Amino acid sequence: SVKEDKELKVLNFLGEKYVNGNRGIKPEFNIPVFPRIKPAELNSLKGTRQLLEAEGPEGVVKWINSQKKLLITDTTMRDAQQSLMATRVRTVDMEKIAPAVALYAKDLFSLEMWGGATFDSCLRFLNEDPWERLRKIRKKVKNTKLQMLLRGQNLLGYRHYPDDVVKMFVKKSVENGIDIIRIFDALNDTRNIKVAVEETV
């Protein structure tokens, strides 16, 4: 109908998306509001990323073992949107909120913002480059370790990939900004995580 087409044009203009093509799910908000953080506020931030760069993985492990406080990983950019919004949050929206995350969550142990279904959804539904998302978030969040979820031999897909592909994917993930790789297998079969774990170590 003309009314539905008009609604769709308005929603597209605002950058919103129907979830999985379901027209019954419509956003109730307009343009999202996010904190404006001045670059100067971010320049002096120090966190677990700097610890990793200075002390290496062994130094981080030693630091972890000496901690009496709870260490927290925020999974909002990966799991929260994956579970609640079918992984449809765009990179541009994450970029806008990333400086506030860097500042207000400066004491996080890590930020899980990649992996899982985010890679697949970027390519299939958002027409975005998932590698570019990783690099952009890395530039905005310099003080906290970035973390990803990896499906073992499946990587971020839905079938097993050859060992050399797994090794290269892990290598490129680290080169592009990932600090921690959390690896699992849906069947809890350790053979399916062996190559990924060895390459990560």
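The expected span of a helix is 1.5 Å times one less than its number of residues. In this predicted model, helix 8 (residues 163–175) has 13 residues and reaches 18 Å from its first C-alpha to its last, close to the 18 Å expected at 1.5 Å a residue. The protein as a whole has nine helices and four strands, which follow one another along the sequence in the pattern α-α-α-β-α-α-β-α-α-β-α-β-α.

**Helix 8 and its surroundings**

- The buried residues of helix 8 are Val166, Phe169, Val170 and Ser173, and, seen down the axis of helix 8, they fall within an arc of 95 degrees, so they line one face of the helix.
- An α-helix has 3.6 residues a turn, so residues three or four places apart point the same way.
- The cover over the buried residues of helix 8 includes strand 2, strand 3 and strand 4, together with helix 6 (118–124), helix 7 and helix 9 (194–200).
- Just after helix 8 comes Gly177, which takes a positive phi of about 135 degrees.

- Four strands form an open sheet in the order 1-2-3-4, and their pairing is parallel.
- Strand 1 (73–74) and strand 4 (180–183) are the edge strands, each of which pairs on one side only.
- Strands of a sheet pair through backbone hydrogen bonds, either parallel or antiparallel.
- Strand 2 (residues 110–115) and strand 3 (residues 145–150) run parallel and are joined by five bridges; the bridge partner of Trp114 in strand 3 is Met148.
- Helix 7 (residues 130–140) packs on the sheet, where it touches strand 2 and strand 3, and its direction makes about 165 degrees with that of strand 2.

**Loops with positive phi**

- Ala86, placed in the loop between helix 4 (76–84) and helix 5 (91–104), has a phi near 55 degrees, which is a positive value in a residue other than glycine.
- Asn188 lies in the loop between strand 4 and helix 9, and its phi, also a positive value in a residue other than glycine, is near 55 degrees.
- Is Asn188 buried or exposed? With a relative accessible area of 71%, Asn188 is exposed.

**The protein as a whole**

- Of the 201 residues in the protein, 41% are buried.
- Among the contacts with a separation of 6 or more, 72% are between residues 24 or more positions apart.
- The protein exposes about 12,400 Å², and carbon and sulfur atoms supply 56% of that area.

Notes:
Residues numbered from 1 in each chain as written. Predicted model: local features only at pLDDT ≥ 70, side-chain atom pairs only at ≥ 80, totals over all residues. Heavy atoms only, no water. Pairing = 2+ DSSP bridges. Helix = DSSP H or I, 4+ residues; strand = E, 2+ residues; numbered from the N terminus. Contact = heavy atoms within 4.5 Å. Axes fitted to C-alpha atoms, helices over the stretch in contact; angles between N-to-C directions. Buried < 20%, exposed > 50% of the residue type's maximum accessible area, 1.4 Å probe, protein only. Arc of directions from axis to C-beta. Areas by Shrake-Rupley, 256 points an atom, 1.4 Å probe, with all protein chains shown as cover.
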